[in-house]
Amino acid sequence: MTTIEFVGSEIERDAEGFCVHPEQWNRTIGEGIALESGIAELTPRHWQVVEFMRERYLTTGTAPSVRALGKESGVPVKELYALFPKGPAKLAAKIGGIPKPRGCI
Amino acid sequence: MPRRIVILGAGTGGTMMANRLRRRYEPSEASIAVVDRDDRHVYQPGLLFVPFGLAQTDEIVRSRRRQLRNGIDFHETEVEQVVLEDDVVRLADGTVLAYDVLVVATGAVLRPEETEGLTGPGWNERVFTFYDVPGAEQLARALDDFDGGRLVVNLVDMPIKCPVAPLEFSFLADWYLTERGVRDKVEMTYVTPLDAAFTRPVASQHLGGILEEKGIQLVTEFATGEVDGSQGRLVSWDEREIPFDLLVTVPVHEGAPYVTRSEGLGDALAFVPTDPGTLQSLARPNVFVLGDATDVPASKAGSVTHFEGEALTENIDRFLAGEELSATFDGHANCFIETGFGKALLIDFNYETEPLPGRFPNALGPLPLLKESRLNHLGKLMFQWMYWHTLLPGRSIPGIPDAMPTSGKELQRETV
């Protein structure tokens, strides 16, 4: 884990690039992480998902899975994969400044 | 007046809890009612063997009622709804059960219809699951007729019951097709949404190595969006395609349907948010949850349910006595993994410690961890007897502690 200067803010990120402290996050950091993950621009649809993820994490302590996102975020699964290629839940969590979803064991 | 304990589900967890609690309390202290929709208790680990003719259905199904001790009321009907506000459960036959403590043990159900095309053309003809009795039986006939082509084993999405089962199925299919002399005419592929063969790194490496040894291709990060049974195509959400002649899939799972009808009880997938240590539901202090029905970050497996039993019994006791809950479950799981040709692997892990190599149950233990051996295979076979005679009655397995033993594990090899 390392603390780095990232798009003008001090943030601590883990080896895979997830923010360790959600409170260090802001939207500019989110845009920076999106860019380094290959998403050139975050559209309102992206933000709808990222904000839903983040809010859910902050209120319940866990981030939803892709299937739960598809049922609850207002963005269907097919579109989630178009917006966040490969792993929508992981990528939206990373952009939203919350730890990597623990996923399923 | 006796306290009223209502247990929903008479599978592994519900049966075990009913028997444990019945032993703990006199009938004058507590009444115990158990609800399940039918009287067929399936030994689910046995389903893995059915497609290969290694087990028959009648050997793995018994009466639910007969696994319960005397003094337990069994209601054979669907649960309509839990009304948390009123501390009552409404049953489909019109009965209303009031409770002081509710135990949710209704497990997970298969939802194949959630995946586009999965139950369409080809379902139970070239697309199968072995996760229920009819599916496993139909697959047995299909495998018997399968003389060559592309066999794809797939899991659609996590969480699933027994996450090692699709791997075991692949290993056994390799053995079965070899025995039948057609293995060289079959191209086998294992397709998973995970980024490796299994959920945790060290075990993934070992299990991925076994796939490779057996000539089974591994496709990772494949999130299945559609199954096209008529063309024989598995299609991912990001539009990759994998062709198949025979598909063995594990459909997505959800909690029991009544959970969704019970306001405030479950999450979007009908699993019940549960404290991973105390096993108390987050919905209400007098509702406890165990087994596959929870959302705790442990495997959905019978061994986990068994290891939860002691902490849960203790906490229910404390709750009824008005004391603070103190017992904590550590996420302990213990799974034999069949690898074919009369051998098996054993893994033992918990919330914090991933499956590691070593010996079990301690440094001098007879069973090697994460390593193929005949003894592990015999352990797996013997386990069926223990299931009916030790687990369901709610007794501990001699020599196997409920908390995960660390002695015998090569902890230094753990990757962080």
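Student: What should I know before reading the numbers?

Tutor: In this predicted model, local features need pLDDT of at least 70 and side-chain atom pairs count only at pLDDT 80 or more, while totals for chains, interfaces and linings use all residues. Residues are numbered from 1 along each chain as its sequence is written, and chains are lettered from A and ligands numbered from 1 in the order in which they are written.

Student: How many helices and strands does chain B have?

Tutor: Helices (H or I, at least four residues) and strands (E, at least two) are DSSP runs, numbered from the N terminus. Chain B has eight helices and 24 strands. With a radius of gyration of 21 Å, close to the 22 Å from the globule rule for 416 residues, chain B is as compact as a globular protein of that length. That radius is taken over C-alpha atoms, and the rule is 2.2 Å times the number of residues to the power 0.38.

Student: Which domains make up chain B?

Tutor: Bounds come from an automatic or database domain assignment. In chain B they give domain 1 (3-107 + 256-320), domain 2 (112-252) and domain 3 (333-413). The C-alpha centres of domain 1 and domain 2 of chain B are 30 Å apart.

Student: How many residues does each chain bring to the contact between chain A and chain B?

Tutor: Two residues are in contact if their C-beta atoms, placed from the backbone, lie within 7 Å. Chain A brings 15 residues and chain B 16. Helix 3 of chain A gives the most to the chain A side, with five residues.
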